[in-house]
Amino acid sequence: MAAHFIRRGGAGTRRLSGHDAFPFSGRLCRAGADIGGGEKAESLLEVRYVPQAEIWRINHGWRRSSDRNGFVIDTNTSAWQRQSDDDDEPNGTTPRAVRRQVRPYVSDTRNLLLLRANAEELDEDFLRTLAYSLRRAIQLDYQIEEQEIQVELIGSERQRRIILWEAAEGGIGVWERLIKEPGAFAGLARTALDLLHFDAATGEAKPDWTERCVAACYDCLLSYANQLDHRHLDRHRVCDYLLRLARSEPVKSGGWTYDEQYVWLWERTDSASSFERSFLDHLYERKLRLPDFAQDTPVADVFLQPDFYYQRGTIPGVCVFIDGPHHASRTAEDRSAREALEDRGFRIVAIAAGRPLAEQIDTYPDVFTSVANGQ
Ligand SMILES: [Zn+2]
(Lines give C-alpha, C1' and ligand atoms only; values in the text may rest on other atoms or scores of the structure.)
Protein backbone atom coordinates (compact mmCIF):
# COMPACT_ATOMS: atom_id res chain seq x y z
CA MET A 1 0.00 0.00 0.00
CA ALA A 2 1.43 3.33 -0.97
CA ALA A 3 1.75 5.99 1.68
CA HIS A 4 -1.37 8.08 1.74
CA PHE A 5 -0.26 10.82 4.04
CA ILE A 6 0.64 14.11 2.50
CA ARG A 7 3.01 16.13 4.57
CA ARG A 8 2.04 19.68 5.26
CA GLY A 9 3.87 22.00 2.98
CA GLY A 10 4.24 19.30 0.35
CA ALA A 11 0.70 19.67 -0.85
CA GLY A 12 0.30 23.26 0.14
CA THR A 13 -3.06 24.65 0.98
CA ARG A 14 -5.72 22.86 -0.89
CA ARG A 15 -8.98 24.62 -1.36
CA LEU A 16 -11.88 22.26 -1.02
CA SER A 17 -14.89 24.46 -1.31
CA GLY A 18 -15.97 28.04 -1.54
CA HIS A 19 -15.90 28.34 2.22
CA ASP A 20 -12.99 26.43 3.55
CA ALA A 21 -9.43 25.62 2.82
CA PHE A 22 -6.83 23.81 4.81
CA PRO A 23 -3.49 22.16 4.28
CA PHE A 24 -3.84 18.47 3.76
CA SER A 25 -1.90 16.12 5.94
CA GLY A 26 -3.09 12.89 7.40
CA ARG A 27 -3.57 9.21 6.90
CA LEU A 28 -6.11 6.82 5.66
CA CYS A 29 -7.94 3.81 6.85
CA ARG A 30 -10.99 2.17 5.50
CA ALA A 31 -13.93 0.36 6.89
CA GLY A 32 -14.96 -2.17 4.33
CA ALA A 33 -18.01 -4.35 4.39
CA ASP A 34 -17.92 -7.98 3.54
CA ILE A 35 -21.19 -8.84 1.94
CA GLY A 36 -22.35 -12.06 0.36
CA GLY A 37 -19.77 -14.61 1.39
CA GLY A 38 -16.75 -12.37 1.50
CA GLU A 39 -16.09 -12.34 -2.22
CA LYS A 40 -16.27 -8.64 -2.71
CA ALA A 41 -15.42 -6.13 -0.04
CA GLU A 42 -16.73 -2.68 -0.72
CA SER A 43 -15.24 0.36 0.82
CA LEU A 44 -17.91 2.07 2.90
CA LEU A 45 -16.07 4.76 4.71
CA GLU A 46 -12.74 6.38 4.15
CA VAL A 47 -11.33 7.92 7.28
CA ARG A 48 -8.56 10.42 7.30
CA TYR A 49 -7.06 11.81 10.45
CA VAL A 50 -5.36 15.17 10.16
CA PRO A 51 -3.56 16.18 13.33
CA GLN A 52 -2.90 19.85 13.97
CA ALA A 53 -4.44 21.04 10.73
CA GLU A 54 -4.86 24.67 10.07
CA ILE A 55 -8.52 25.41 9.47
CA TRP A 56 -9.46 28.57 7.68
CA ARG A 57 -12.97 29.86 7.68
CA ILE A 58 -13.32 32.51 5.04
CA ASN A 59 -16.38 34.67 4.75
CA HIS A 60 -16.99 35.21 1.05
CA GLY A 61 -19.94 37.50 1.56
CA TRP A 62 -23.64 37.28 1.96
CA ARG A 63 -25.20 34.04 0.84
CA ARG A 64 -27.75 35.93 -1.21
CA SER A 65 -25.16 37.99 -3.04
CA SER A 66 -24.52 36.76 -6.54
CA ASP A 67 -20.76 37.13 -6.78
CA ARG A 68 -19.81 36.21 -3.17
CA ASN A 69 -16.86 38.44 -3.60
CA GLY A 70 -16.45 39.45 0.03
CA PHE A 71 -17.53 42.68 1.68
CA VAL A 72 -16.83 46.26 0.80
CA ILE A 73 -15.06 48.56 3.18
CA ASP A 74 -14.12 52.20 2.89
CA THR A 75 -10.46 52.24 3.81
CA ASN A 76 -10.62 55.95 4.70
CA THR A 77 -13.24 55.56 7.35
CA SER A 78 -13.10 51.79 8.05
CA ALA A 79 -16.85 51.77 7.54
CA TRP A 80 -18.51 48.83 5.87
CA GLN A 81 -20.24 49.77 2.63
CA ARG A 82 -23.17 48.23 0.93
CA GLN A 83 -22.17 46.16 -2.06
CA SER A 84 -24.44 48.24 -4.28
CA ASP A 85 -23.21 51.61 -3.00
CA ASP A 86 -21.71 53.52 -5.81
CA ASP A 87 -19.63 56.60 -5.82
CA ASP A 88 -21.84 58.87 -7.84
CA GLU A 89 -23.42 60.50 -4.83
CA PRO A 90 -20.56 62.02 -2.87
CA ASN A 91 -22.04 64.44 -0.35
CA GLY A 92 -19.43 67.03 -1.10
CA THR A 93 -17.99 67.29 2.39
CA THR A 94 -16.52 63.85 2.91
CA PRO A 95 -13.77 62.58 0.66
CA ARG A 96 -14.75 60.01 -1.88
CA ALA A 97 -14.87 56.58 -0.38
CA VAL A 98 -11.88 54.40 -1.12
CA ARG A 99 -13.56 51.08 -1.50
CA ARG A 100 -11.92 47.74 -1.17
CA GLN A 101 -13.25 44.24 -1.28
CA VAL A 102 -12.31 42.32 1.82
CA ARG A 103 -12.95 38.79 2.98
CA PRO A 104 -12.82 38.37 6.72
CA TYR A 105 -11.37 35.09 7.94
CA VAL A 106 -10.40 33.26 11.05
CA SER A 107 -7.90 30.47 11.23
CA ASP A 108 -7.24 27.93 13.90
CA THR A 109 -5.23 24.79 14.50
CA ARG A 110 -7.27 21.71 15.27
CA ASN A 111 -7.20 17.93 15.03
CA LEU A 112 -9.53 16.89 12.24
CA LEU A 113 -11.23 13.76 11.15
CA LEU A 114 -12.36 13.64 7.54
CA LEU A 115 -14.88 11.03 6.53
CA ARG A 116 -15.84 10.15 3.00
CA ALA A 117 -18.81 7.87 2.78
CA ASN A 118 -19.51 5.56 -0.10
CA ALA A 119 -23.21 5.12 -0.65
CA GLU A 120 -25.55 5.06 -3.61
CA GLU A 121 -27.29 8.33 -2.90
CA LEU A 122 -24.83 10.76 -1.47
CA ASP A 123 -27.06 13.77 -1.26
CA GLU A 124 -27.16 16.49 1.36
CA ASP A 125 -29.91 14.85 3.40
CA PHE A 126 -27.98 11.60 3.61
CA LEU A 127 -24.68 13.26 4.49
CA ARG A 128 -26.06 15.68 7.05
CA THR A 129 -28.03 12.92 8.73
CA LEU A 130 -24.96 10.68 8.76
CA ALA A 131 -22.78 13.50 10.08
CA TYR A 132 -25.02 14.21 13.07
CA SER A 133 -25.64 10.50 13.71
CA LEU A 134 -21.93 9.76 13.89
CA ARG A 135 -21.20 12.81 15.97
CA ARG A 136 -23.77 11.82 18.54
CA ALA A 137 -22.54 8.22 18.52
CA ILE A 138 -19.01 9.46 19.19
CA GLN A 139 -20.33 11.55 22.07
CA LEU A 140 -22.09 8.54 23.56
CA ASP A 141 -19.32 6.00 23.04
CA TYR A 142 -16.53 8.28 24.20
CA GLN A 143 -18.51 10.24 26.78
CA ILE A 144 -17.91 13.73 25.56
CA GLU A 145 -20.12 16.80 25.44
CA GLU A 146 -21.85 17.95 22.28
CA GLN A 147 -19.91 21.20 22.16
CA GLU A 148 -16.57 19.38 22.29
CA ILE A 149 -16.97 18.17 18.71
CA GLN A 150 -17.89 20.30 15.75
CA VAL A 151 -19.17 18.84 12.53
CA GLU A 152 -19.64 20.25 9.05
CA LEU A 153 -19.65 19.17 5.44
CA ILE A 154 -16.84 20.25 3.18
CA GLY A 155 -15.92 19.90 -0.47
CA SER A 156 -18.16 19.17 -3.39
CA GLU A 157 -19.42 16.17 -5.34
CA ARG A 158 -17.07 13.17 -5.05
CA GLN A 159 -14.88 15.16 -2.68
CA ARG A 160 -17.77 15.95 -0.34
CA ARG A 161 -16.70 14.93 3.12
CA ILE A 162 -17.82 15.09 6.69
CA ILE A 163 -15.33 17.04 8.70
CA LEU A 164 -15.22 16.67 12.45
CA TRP A 165 -12.92 18.57 14.71
CA GLU A 166 -12.27 18.85 18.38
CA ALA A 167 -13.31 22.19 19.76
CA ALA A 168 -10.54 22.20 22.34
CA GLU A 169 -7.14 23.32 21.23
CA GLY A 170 -4.70 20.45 21.58
CA GLY A 171 -7.58 18.02 21.38
CA ILE A 172 -8.93 15.33 23.64
CA GLY A 173 -7.44 12.36 21.82
CA VAL A 174 -10.69 10.86 20.54
CA TRP A 175 -9.71 10.77 16.88
CA GLU A 176 -6.56 8.83 17.63
CA ARG A 177 -8.49 6.22 19.56
CA LEU A 178 -11.07 6.00 16.80
CA ILE A 179 -8.62 5.31 14.05
CA LYS A 180 -6.40 3.02 16.07
CA GLU A 181 -9.13 0.77 17.45
CA PRO A 182 -10.09 -1.85 14.89
CA GLY A 183 -13.84 -1.94 14.57
CA ALA A 184 -14.37 1.46 16.17
CA PHE A 185 -16.56 2.63 13.30
CA ALA A 186 -18.61 -0.53 13.31
CA GLY A 187 -19.23 0.16 16.99
CA LEU A 188 -20.22 3.74 16.25
CA ALA A 189 -22.64 2.54 13.59
CA ARG A 190 -24.34 0.23 16.10
CA THR A 191 -24.62 3.06 18.61
CA ALA A 192 -26.04 5.32 15.89
CA LEU A 193 -28.64 2.74 14.84
CA ASP A 194 -29.82 2.38 18.40
CA LEU A 195 -29.90 6.13 18.79
CA LEU A 196 -32.00 6.46 15.63
CA HIS A 197 -34.59 4.02 17.05
CA PHE A 198 -33.52 1.00 15.01
CA ASP A 199 -32.49 -2.40 16.27
CA ALA A 200 -28.71 -2.29 16.01
CA ALA A 201 -28.47 -5.95 14.99
CA THR A 202 -31.25 -6.17 12.42
CA GLY A 203 -32.02 -2.61 11.39
CA GLU A 204 -35.70 -3.15 12.24
CA ALA A 205 -37.51 0.00 13.27
CA LYS A 206 -38.44 0.06 16.94
CA PRO A 207 -42.25 0.10 16.83
CA ASP A 208 -42.68 2.51 19.75
CA TRP A 209 -40.95 5.18 17.75
CA THR A 210 -42.65 4.86 14.38
CA GLU A 211 -45.11 7.62 15.18
CA ARG A 212 -43.13 9.52 17.77
CA CYS A 213 -40.21 10.10 15.43
CA VAL A 214 -41.16 10.27 11.78
CA ALA A 215 -37.91 11.67 10.42
CA ALA A 216 -35.94 12.98 13.41
CA CYS A 217 -36.68 14.08 16.94
CA TYR A 218 -34.93 15.68 19.89
CA ASP A 219 -34.20 12.23 21.28
CA CYS A 220 -32.13 11.28 18.29
CA LEU A 221 -30.76 13.82 15.83
CA LEU A 222 -32.20 17.22 16.54
CA SER A 223 -30.66 19.80 18.79
CA TYR A 224 -31.07 23.54 19.08
CA ALA A 225 -27.58 23.94 17.71
CA ASN A 226 -28.39 22.21 14.41
CA GLN A 227 -31.71 23.94 13.71
CA LEU A 228 -30.63 25.16 10.30
CA ASP A 229 -30.17 21.55 9.23
CA HIS A 230 -33.40 20.11 10.65
CA ARG A 231 -35.08 20.00 7.28
CA HIS A 232 -32.30 17.73 5.98
CA LEU A 233 -32.41 15.18 8.78
CA ASP A 234 -34.17 11.88 8.22
CA ARG A 235 -33.13 8.83 10.19
CA HIS A 236 -34.51 6.42 7.57
CA ARG A 237 -32.03 7.66 4.98
CA VAL A 238 -29.01 6.28 6.81
CA CYS A 239 -30.38 3.06 8.29
CA ASP A 240 -29.17 0.68 5.56
CA TYR A 241 -25.80 2.34 5.36
CA LEU A 242 -25.27 2.21 9.13
CA LEU A 243 -26.29 -1.42 9.18
CA ARG A 244 -23.67 -2.28 6.58
CA LEU A 245 -21.10 -0.22 8.46
CA ALA A 246 -22.04 -2.00 11.70
CA ARG A 247 -21.24 -5.32 10.02
CA SER A 248 -18.06 -4.08 8.41
CA GLU A 249 -14.50 -4.82 9.30
CA PRO A 250 -11.54 -2.52 8.96
CA VAL A 251 -9.78 -3.31 5.71
CA LYS A 252 -6.47 -3.40 7.47
CA SER A 253 -5.92 -3.34 11.19
CA GLY A 254 -5.43 0.31 11.88
CA GLY A 255 -5.00 0.68 8.14
CA TRP A 256 -1.49 2.01 8.42
CA THR A 257 1.68 1.06 6.71
CA TYR A 258 4.99 0.85 8.49
CA ASP A 259 5.97 4.20 6.99
CA GLU A 260 2.72 5.84 8.04
CA GLN A 261 3.12 4.55 11.56
CA TYR A 262 6.64 5.94 11.67
CA VAL A 263 5.52 9.39 10.54
CA TRP A 264 2.60 9.36 12.96
CA LEU A 265 4.88 8.49 15.89
CA TRP A 266 7.51 10.95 14.81
CA GLU A 267 4.95 13.78 14.83
CA ARG A 268 4.04 12.79 18.37
CA THR A 269 7.53 12.87 19.81
CA ASP A 270 8.60 15.69 22.03
CA SER A 271 10.33 18.11 19.70
CA ALA A 272 12.65 19.05 22.57
CA SER A 273 13.84 15.47 22.81
CA SER A 274 16.05 14.61 19.86
CA PHE A 275 16.87 11.37 21.70
CA GLU A 276 13.27 10.16 21.30
CA ARG A 277 13.54 10.78 17.59
CA SER A 278 16.90 9.05 17.36
CA PHE A 279 15.38 6.03 19.04
CA LEU A 280 12.51 5.99 16.56
CA ASP A 281 14.81 6.54 13.59
CA HIS A 282 16.95 3.68 14.77
CA LEU A 283 14.00 1.27 14.85
CA TYR A 284 12.85 2.52 11.47
CA GLU A 285 16.22 2.13 9.78
CA ARG A 286 16.60 -1.42 11.05
CA LYS A 287 12.95 -2.23 10.26
CA LEU A 288 12.23 -3.23 13.82
CA ARG A 289 8.72 -3.22 15.19
CA LEU A 290 7.53 0.31 15.86
CA PRO A 291 5.58 1.28 18.97
CA ASP A 292 1.78 1.29 18.74
CA PHE A 293 1.41 4.59 20.55
CA ALA A 294 3.43 7.57 21.63
CA GLN A 295 2.75 9.79 24.61
CA ASP A 296 -0.18 7.68 25.67
CA THR A 297 -1.25 7.00 29.23
CA PRO A 298 -1.92 3.25 29.53
CA VAL A 299 -4.03 3.35 32.70
CA ALA A 300 -6.11 6.18 34.07
CA ASP A 301 -5.08 5.81 37.69
CA VAL A 302 -1.31 5.89 37.22
CA PHE A 303 -0.37 9.36 36.21
CA LEU A 304 2.61 8.55 34.06
CA GLN A 305 2.97 8.78 30.34
CA PRO A 306 5.51 6.43 28.75
CA ASP A 307 7.22 7.90 25.71
CA PHE A 308 6.21 4.86 23.66
CA TYR A 309 3.87 1.96 24.15
CA TYR A 310 3.68 -1.52 22.63
CA GLN A 311 0.51 -3.56 22.83
CA ARG A 312 0.79 -7.22 23.82
CA GLY A 313 -2.52 -8.77 22.87
CA THR A 314 -4.80 -9.02 25.86
CA ILE A 315 -2.15 -8.55 28.54
CA PRO A 316 -0.78 -5.16 29.65
CA GLY A 317 1.75 -3.86 27.16
CA VAL A 318 5.33 -2.62 27.20
CA CYS A 319 6.00 0.93 28.37
CA VAL A 320 9.15 2.40 26.87
CA PHE A 321 10.76 5.35 28.58
CA ILE A 322 13.36 7.30 26.69
CA ASP A 323 15.50 8.80 29.39
CA GLY A 324 17.34 11.42 27.41
CA PRO A 325 19.93 13.73 28.93
CA HIS A 326 17.19 16.07 30.15
CA HIS A 327 15.55 13.16 31.97
CA ALA A 328 18.77 12.40 33.85
CA SER A 329 17.35 12.93 37.28
CA ARG A 330 14.10 10.98 37.51
CA THR A 331 12.09 12.01 40.48
CA ALA A 332 10.97 9.72 43.25
CA GLU A 333 7.34 10.05 42.08
CA ASP A 334 8.37 9.01 38.63
CA ARG A 335 10.09 5.91 39.94
CA SER A 336 7.15 4.92 42.08
CA ALA A 337 4.75 5.47 39.16
CA ARG A 338 6.86 3.11 37.04
CA GLU A 339 6.69 0.56 39.82
CA ALA A 340 2.92 1.01 39.98
CA LEU A 341 2.73 0.19 36.26
CA GLU A 342 4.88 -2.90 36.80
CA ASP A 343 2.61 -4.00 39.63
CA ARG A 344 -0.28 -3.89 37.15
CA GLY A 345 1.54 -6.20 34.77
CA PHE A 346 3.07 -3.68 32.39
CA ARG A 347 6.60 -4.26 31.31
CA ILE A 348 8.96 -1.34 31.69
CA VAL A 349 11.80 -0.73 29.26
CA ALA A 350 14.06 2.23 29.92
CA ILE A 351 16.40 3.46 27.20
CA ALA A 352 19.11 5.70 28.59
CA ALA A 353 21.18 8.39 26.95
CA GLY A 354 24.92 7.86 27.01
CA ARG A 355 24.87 4.20 25.98
CA PRO A 356 24.80 3.00 22.38
CA LEU A 357 21.20 2.69 21.20
CA ALA A 358 21.77 -0.49 19.19
CA GLU A 359 23.19 -2.26 22.20
CA GLN A 360 20.22 -1.30 24.40
CA ILE A 361 17.64 -2.17 21.76
CA ASP A 362 19.25 -5.56 21.19
CA THR A 363 18.75 -6.29 24.88
CA TYR A 364 15.01 -6.63 24.20
CA PRO A 365 14.73 -8.76 21.06
CA ASP A 366 11.21 -9.88 22.01
CA VAL A 367 9.95 -6.27 22.05
CA PHE A 368 11.89 -4.78 19.17
CA THR A 369 11.31 -7.64 16.79
CA SER A 370 12.26 -7.55 13.17
CA VAL A 371 9.43 -6.65 10.82
CA ALA A 372 9.52 -8.62 7.58
CA ASN A 373 9.41 -6.46 4.45
CA GLY A 374 8.76 -3.36 6.51
CA GLN A 375 5.09 -4.24 7.01
ZN1 LIG B 1 -35.96 10.33 16.93
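Trainee: Which residue in E14 does Arg 312 stand opposite?

Mentor: Arg 312 stands opposite Ile 315 in E14. Before we continue, please note that this is a predicted model, in which local features need pLDDT of at least 70, side-chain atom pairs count only at pLDDT 80 or more, and totals for chains, interfaces and linings use all residues. Residues are numbered from 1 along each chain as its sequence is written.

Trainee: What do the labels of helices and strands stand for?

Mentor: Helices (H or I, at least four residues) and strands (E, at least two) are DSSP runs, numbered from the N terminus. In this model the protein chain has nine helices and 15 strands.

Trainee: How many bridges join strand E13 to strand E14, and how many join E14 to strand E15?

Mentor: The general rule is that two strands pair if DSSP finds at least two bridges between them. Here E13 (residues 308-312) and E14 (residues 315-323) run antiparallel and are joined by four bridges. E14 and E15 (residues 347-352), by contrast, run parallel and are joined by six bridges.

Trainee: What is the order of the open sheet formed by three strands?

Mentor: That sheet has the order E6-E5-E7, with antiparallel pairing. Strand E6 (79-81) and strand E7 (99-102) stand at the edges with a single partner strand each, so one side of each has no neighbour in the sheet. From one strand to the next, the twist averages 40 degrees. Strand E5 (residues 71-74) is joined to E6 by three bridges, and Val 72 has Gln 81 in E6 as its bridge partner.

Trainee: At roughly what angle do the axes of helix H1 and helix H3 cross?

Mentor: Axes are lines fitted to C-alpha atoms, for helices over the stretch in contact, and angles run from 0 to 180 degrees between N-to-C directions. The axes of H1 (residues 124-142) and H3 (residues 184-195) come within 8 Å and cross at roughly 105 degrees. H1 is therefore roughly perpendicular to H3, a term for angles of 65 to 115 degrees.

Trainee: Which residues of H1 and H3 meet?

Mentor: Two residues are in contact if their C-beta atoms, placed from the backbone, lie within 7 Å. On the H1 side, the residues include Ser 133, Leu 134 and Ile 138, while those of H3 include Gly 187, Leu 188 and Thr 191. The residues of this contact divide into seven nonpolar, three polar and two charged. In this scheme Ala, Val, Leu, Ile, Met, Phe, Trp, Tyr, Cys and Pro count as nonpolar, Asp, Glu, Lys and Arg as charged, and the others, Gly among them, as polar.

Trainee: Is Leu 164 buried or exposed?

Mentor: A residue is buried if 20 or more other C-beta atoms lie within 10 Å of its own, exposed if 12 or fewer, and partly exposed in between. Leu 164, in strand E10, is buried because 22 other C-beta atoms lie within 10 Å. Beyond its neighbours within four places in sequence, Leu 164 is in contact with residues including Leu 112, Arg 135 and Val 151.

Trainee: Where is Pro 291 found?

Mentor: Pro 291 lies in the loop between helix H7 (274-285) and strand E12 (293-294). Pro 291 counts as buried because it has 25 C-beta neighbours inside 10 Å. Not counting residues up to four places away in sequence, Pro 291 touches Leu 265, Phe 308, Tyr 309, Tyr 310 and Val 320.

Trainee: How many residues does the largest nonpolar core have?

Mentor: A nonpolar core is a set of buried Ala, Val, Leu, Ile, Met, Phe, Trp, Tyr and Cys residues joined through C-beta atoms within 7 Å. The largest has 47 residues, and those with the most contacts inside it are Ala 189, Ala 192, Leu 242 and Leu 245. H3 gives the most to this core, with eight residues. A second, separate core of 20 residues includes Phe 308, Tyr 310, Cys 319 and Phe 368.

Note on methods:
Parallel < 35°, antiparallel > 145°, perpendicular 65-115°, else oblique.
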